[in-house]
Amino acid sequence: MKLYNTLTRKKEEFVPLRENKVTMYSCGPTVYNYFHIGNARPFIIFDTLRRFLRYRGYDVTFVQNFTDIDDKLINKAREEGTTVPEIAERYIREYFVDAEGLGIEKADIHPRATENIPEIIEFIKILIDKGYAYEVDGDVYFSPRKFEEYGKLSHYNIEELEAGARIGVDERKKDAMDFALWKAQKPGEPAWDSPWGPGRPGWHIECSVMANKYLGDTIDIHSGGVDLIFPHHENEIAQSEAATGKPFARYWLHNAFLNIDNQKMSKSLGNFFTVREAAQHYDYEVIRFFMLSAHYRSPINYSAEQLEQAGNALERLYECKRNLEFLLKSAENSADSAENLDKLTVYKNKFIEAMDDDLNTADAISAIFELVREINVQIANGNKDKSFLEGALSLFNELTGVLGIVRKSEDTLEAEVEKLIEERQQARKAKNYKLADEIRDKLKEMGIELQDTPNGVKWKKI
Ligand code: AMP
Ligand code: ZN
């Protein structure tokens with residue numbers, strides 16, 4: 001597989017450090033609000049990369065953090081008259097609701113900054129001992145100037161950075177470019193004890209520490225949106241490589257922006273829609289499909305028209321799946337269908353080729369549509385052979401599964417309903433009627449009505 005590496009500005013053959021094991025770290029959300037459609041882009045893209053690597057036989061360990069302490073969380077807690085942990089808990093919970101809707105699988109580990117404070121303190125101590133960082137009045141700063149390769153990811157040189165950093169200089173810093181590893185407590189702010197007095201970690205240090213703790217000194221893939229290249233990822237490299245003396249990440253992947261009216265969607269500009277809002281108008285899955293219909297390094301524009309187009313395209317895929325499932329109910333084996341099935345492998349190869357080329361999901365989707373066209377032609381020509389239909393459906397599911405789309409089917413609905421009914425029975429047995437009622441309500445939201453009969457629980461669609 002080839003991946004475009006921001007570090008070398010080249011598409012490179014992807015070769016993991018340890019044979020078939022891949023370590024991936026992706027910068028996760030700052031949990032002070034629901035996440036917006038722009039934030040959803042990296043989450044969906046790198047979930048897809050992880051799925052594809054797994055499909056290609058790699059054993060992937062994926063870490064995505066939650067930034068659960070920073071100014072935005074502190075301000076939000078103040079506004080609401082509540083605590084930072086309460087805000088973080090709430091939006092982490094809500095993250096998982098939207099992520100599940102979007103088909104984003106849970107990472108293997110979702111570490112939080114506040115759960116790694118001792119490790120962060122130890123890491124900062126190392127940077128001070130090695131002469132890369134210094135303390136002033138309870139703050140600790142890192143000196144990029146001490147790290148010779150500073151700028152290697154963003155391809156800025158130190159003079160350009162110096163010029164940019166002069167604005168709004170904090171007098172206590174030795175150099176305008178220096179950035180905070182540890183921030184001394186201000187009145188009313190949450191704080192942890194440290195050798196430099198009470199305070200909290202800066203943003204960049206948490207990722208260096210958690211990537212190192214969970215994945216080791218050198219990781220294979222590090223990713224996020226392009227806005228993270230500088231300063232966040234540049235600073236992560238400086239901190240990590242200064243501390244360990246080893247390369248931090250081997251492949252740096254960055255998705256382009258999702259724009260609205262040709263401007264980056266962002267919370268600070270106020271031009272955003274949360275995923276939760278959008279999911280009221282379009283199915284979660286339509287949002288995922290829309291995101292994958294462009295290459296991740298091309299900017300995309302969010303508009304009602306684009307989403308509707310995505311919805312229509314996705315519906316055509318569902319039609320194919322339903323058609324195959326329907327025909328299979330009465331299909332029988334006829335003459336040898338191996339030849340017709342063989343024809344379909346062309347599309348599988350096209351799909352893999354597209355994904356191998358720097359995760360070209362746009363072309364991969366085109367390959368799926370070509371597959372659908374071929375299946376439709378076969379069916380229109382009267383091919384109702386059972387093994388052909390089975391093979392076609394299985395390939396269709398295999399490829400759409402790698403992209404995490406066309407996930408719903410009658411079967412999965414049934415399995416999900418049965419599971420919830422079982423959970424409700426268990427809750428009733430344990431006399432947890434509150435939970436039992438909640439499950440009944442959840443089923444109702446899914447359009448399922450329960451009937452308790454002497455022969456057990458029956459359900460029907462309403
Ligand atoms: P944040 O919660 O702001 O730290 O962002 C979480 C992730 O979303 C990061 O990888 C950002 O680079 C990414 N991101 C933020 N806004 C956009 C956008 N408009 N388009 C694409 N990615 C974005
Ligand atoms: Zn990060």
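Colleague: Is G103 buried or exposed?
Modeller: G103 is buried, because its relative accessibility is 9% and the cut-off for buried is under 20%. Bear in mind that this is a predicted model.

Colleague: Where does G103 lie?
Modeller: In a loop, the one between α3 (84–101) and α4 (117–129).

Colleague: Which residues is G103 in contact with, leaving aside its neighbours within four places in sequence?
Modeller: D47, R51, R288 and R407. As for D47, its C-alpha is 8.6 Å from that of G103, and the two residues are 56 apart in sequence.

Colleague: R288 sits in α9. Which residues of α9 are buried?
Modeller: Y284, E285, V286, I287, R288, F289, F290, M291 and L292. That is nine of the nine residues of the helix, which covers 284–292, so α9 is largely enclosed by the rest of the structure.

Colleague: Switching to the metal. What are the protein donors of the zinc ion (ligand 2)?
Modeller: C27 through SG, C207 through SG, H232 through NE2 and E236 through OE. These donors lie 2.0 to 2.5 Å from the zinc ion.

Colleague: What spacing do the donors follow along the chain?
Modeller: The pattern is C-x179-C-x24-H-x3-E. One pair, C27 and H232, links distant parts of the chain, being 205 residues apart. C27 is in the loop between β3 (21–26) and α1 (37–55), while H232 is in helix α7, residues 229–244.

Colleague: Are C27 and H232 buried or exposed?
Modeller: C27 is buried, with a relative accessible area of 9%. H232 is buried too, at 0% relative accessibility.

Colleague: What is the ideal angle for four tetrahedral donors?
Modeller: 109.5 degrees.

Colleague: On to the strands. How many bridges join β6 to β7?
Modeller: Three, and the strands run antiparallel. β6 covers residues 139–142 and β7 covers residues 179–184. One of the bridge pairs is F142 with F179, the latter in β7.

Colleague: And which way do β7 and β8 run, parallel or antiparallel?
Modeller: Antiparallel, with three bridges joining β7 to β8, residues 199–201. W182 has P201 in β8 as its bridge partner.

Technical notes: Residues are numbered from 1 along each chain as its sequence is written. Chains are lettered from A and ligands numbered from 1 in the order in which they are written. This is a predicted model: local features need pLDDT of at least 70, side-chain atom pairs count only at pLDDT 80 or more; totals for chains, interfaces and linings use all residues. Side-chain values use heavy atoms; hydrogens and water are left out. Helices (H or I, at least four residues) and strands (E, at least two) are DSSP runs, numbered from the N terminus. Buried means under 20% relative accessible area, exposed over 50%, partly exposed in between (1.4 Å probe, protein chains only). Contact means heavy atoms within 4.5 Å. Two strands pair if DSSP finds at least two bridges between them. Donors are N, O and S atoms within 2.8 Å of the metal (3.2 Å for Na, K and Ca); water is not among the atoms, so sites may look incomplete.
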